[in-house]
Amino acid sequence: MSDGRANLERYRPPMTLQEAIGDARRVVLTAHVDPDPDALGCAMGLAHALRRQGRNTLTVCIGNVPSFAPSLVGFEDLFQFPARLTPGAEPPRVLEPGDALIVADTPTASRMGAFYECHRSVLPDCRVVVFDHHITNDLYGDVNFLDPAAGATAEVVCDVLDASGIPLDAASAACFMIALLADTQTFRTENTSPRSLRRGYELAAAGAPIFETARLLFNTRSLSSLRLWGAALHRLEASEGLIWTTVTAEMLRAAEATMEDAEGLVDFLLATREARVAVVLKESAADETKVSMRTVPGVDATQITATFGGGGHQRAAGCTILAPPDRAAALLLPVVFDQLKATAAAG
């Protein structure tokens, strides 16, 4: 067991946020496609903090705007960008030369989807600043604030703000609280540390609600989500420590649900006593399946998802397989079983 005192050590950034951004005329903030609370919460919280420093900011949500977003101050100013480029359509140009681009909780630039494709040519003329805690981050930024020991990217962001002398207000603290509580599952993940708990205390002291935020994230479900979970559990399969299911487009239509309603299902599956790996295969488009994976200690999810170009954390990772769900399962499951056997053989 590690020394708890060491886990109070905060991230020490290589420079301040002001130095990272430089004299950029505008700061554009975004994250990966269909952002989760840690991703969008960090982007929105940073935007609040930078505006109070006199910076011109624009926060971009790529893909679907998540259901929690309307609860955050500044939601009405979000700029929504499509996740995919539509043939023949001209997507809006957001980035301009001289801008700074802050990307939160996104381990590789391609995870920005159509936003990255549309702005790839202008990125060399922008200052790209990355905040992340994924061990698989490929350091694509001009400046990379990366700390895999953090329980959430929000911890990294707040440490950098502290080191930069930029205070939090209630609005930014609320954004970072939703990020922190979501990624640590209310301080219950393996990466949660005394540092995470102290940061939660500081955000609450700055005006961020704990109970209301936790309830919004974990105790507010629609009937549609329950119908979707029921259908997914009906399709459940298990073998040799692996438990998995599929969420298809037809299931979404039947339940009148969205893919966001499937959030949390993979964590629920991993709570099964026999499970060492839990997988949910999500049909995201024609011939495309997104994989969400959770593992118990001793099984590295990133070693499995890396086979398909994915990444994440050792206990929580994902990837995209260019195949329908049944075919994706046929490709993925043998890799999972091989990893489970290798882990067992290693002791």
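A173, F176, M177 and L180 in helix α5 meet S196, R199, G200, L203 and A204 in helix α6. By class, this contact of α5 with α6 has six nonpolar, two polar and one charged residues. The model is predicted.

**Helix packing**

Helix α5 covers residues 170–183. Helix α6 covers residues 194–205. Their axes are 9 Å apart, and the packing angle is about 150 degrees. Angles over 145 degrees count as roughly antiparallel. The two helices, α5 and α6, are therefore roughly antiparallel to each other. The crossing of α5 past α6 is left-handed.

Helix α5 also packs with helix α4, residues 153–163. Here the angle is about 140 degrees, with the axes 9 Å apart. That makes α4 oblique to α5. On the α4 side, the residues in contact are A154, E155, V157, C158 and L161. On the α5 side, they are F176, A179 and L180. By class, the contact of α4 with α5 has seven nonpolar, no polar and one charged residues.

F176 and L180 take part in the α4 contact. F176 and L180 also take part in the α6 contact.

| Helix pair | Angle | Axes apart |
|---|---|---|
| α4 and α5 | about 140 degrees | 9 Å |
| α5 and α6 | about 150 degrees | 9 Å |

**Aromatic pairs**

The count of aromatic pairs comes to three. One of them joins F81 and F115. Their centres are 5.3 Å apart, with 80 degrees between the planes, and the pair is edge-to-face. F81 lies in strand β3 (residues 79–81) and F115 in helix α3 (residues 114–119), so the pair ties together parts that are 34 residues apart in sequence. Both F81 and F115 are buried.

Another pair is W229 with F268. The ring centres are 5.5 Å apart and the planes are at 55 degrees, so this pair is tilted. W229 is in helix α8 (residues 223–234), and F268 is in helix α10 (residues 265–270). The pair therefore ties together parts that are 39 residues apart in sequence. W229 is buried, with a relative accessible area of 13%. F268 is partly exposed, at 47%.

**A residue in strand β5**

V130 sits in strand β5, residues 127–132. Its relative accessibility is 1%, so V130 counts as buried. Not counting residues up to four places away in sequence, V130 touches V103, T106, N137, Y140, G141, V143, N144 and F145. V130 and A20 are 110 residues apart in sequence. In space, V130 and A20 are 9.8 Å apart, C-alpha to C-alpha.

Methods
Residues are numbered from 1 along each chain as its sequence is written. This is a predicted model: local features need pLDDT of at least 70, side-chain atom pairs count only at pLDDT 80 or more; totals for chains, interfaces and linings use all residues. Side-chain values use heavy atoms; hydrogens and water are left out. Helices (H or I, at least four residues) and strands (E, at least two) are DSSP runs, numbered from the N terminus. Buried means under 20% relative accessible area, exposed over 50%, partly exposed in between (1.4 Å probe, protein chains only). Contact means heavy atoms within 4.5 Å. Axes are lines fitted to C-alpha atoms, for helices over the stretch in contact, and angles run from 0 to 180 degrees between N-to-C directions. Angles under 35 degrees count as roughly parallel, over 145 as roughly antiparallel, 65 to 115 as roughly perpendicular and the rest as oblique. Ala, Val, Leu, Ile, Met, Phe, Trp, Tyr, Cys and Pro count as nonpolar, Asp, Glu, Lys and Arg as charged, and the others, Gly among them, as polar. A crossing is left-handed if the near helix is turned anticlockwise from the far one by less than a right angle, and right-handed if clockwise. Rings of Phe, Tyr and Trp (its six-membered ring) pair if their centres lie within 6.5 Å; planes under 30 degrees apart count as stacked, over 60 as edge-to-face and the rest as tilted.
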